[in-house]
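Biologist: Could you bring up the model, so that we can go through it together?
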Amino acid sequence: DDDMPAIRQTLSMQQMVEAVKYFGFSLSVEQARVLFAYMDRQRNGNVDFCEFAGALMLPAPGMKLLPESAYDPDVVCTAVDALFDLMDQDGDGVIALREMEATFKSMAPGWSVQQLLPLF
């Protein structure tokens with residue numbers, strides 16, 4: 001929905017698959033379905049940014065890196081809002097690919113986006 005602030009927009013499964021392809025990765029139909037179902041905590045057929053960020057923050061089984069409160073949606077949204085502001089370098093309310101790449105490169109000089117993505 002283009003009228004919503006970017007942080008509150010949602011991602012459809014098709015958009016997720018297109019983003020994955022854009023970054024040079026591929027998912028089978030089953031992998032995409034499982035990944036999307038994992039992120040869609042509200043089970044409404046869309047993933048909002050807080051669901052997406054929360055899914056990225058969840059630890060691997062047996063590896064609890066942060067206190068339980070860190071996975072609370074309100075805490076995640078606060079952190080996501082701060083990260084969004086950091087990445088939205090021109091302040092237009094949208095994180096363009098060039099802004100995302102610039103942020104990643106500033107965090108890890110010399111690394112490509114393809115090398116950084118698996119870390120997230």
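**The core and the surface**

Modeller: The largest nonpolar core has 8 residues, namely Met16, Val17, Val20, Ala32, Phe36, Met39, Val47 and Ala55, where such a core is a set of buried Ala, Val, Leu, Ile, Met, Phe, Trp, Tyr and Cys residues joined through side-chain atoms within 4.5 Å, and buried means under 20% relative accessible area, exposed over 50% and partly exposed in between (1.4 Å probe, protein chains only).

Biologist: Which helices each supply at least two residues of this core?

Modeller: Those are α1 (13–22) and α2, with helices (H or I, at least four residues) and strands (E, at least two) taken as DSSP runs numbered from the N terminus. This is a predicted model, where local features need pLDDT of at least 70, side-chain atom pairs count only at pLDDT 80 or more, and totals for chains, interfaces and linings use all residues. Residues are numbered from 1 along each chain as its sequence is written, and side-chain values use heavy atoms, leaving out hydrogens and water.

Biologist: What is Val47 in contact with, leaving aside neighbours within four places in sequence?

Modeller: Val47 is in contact (heavy atoms within 4.5 Å) with Gln9, Thr10, Leu11, Phe36, Met39, Asp40 and Phe52.

Biologist: Switching to Leu35, is that residue buried or partly exposed?

Modeller: Leu35, which lies in helix α2 (residues 29–39), is partly exposed, with a relative accessible area of 32%.

Biologist: And the whole chain, how many helices and strands are there?

Modeller: The protein chain has 6 helices and 2 strands, running β-α-α-β-α-α-α-α from the N terminus on, and buried residues make up 25% of its 120 residues.
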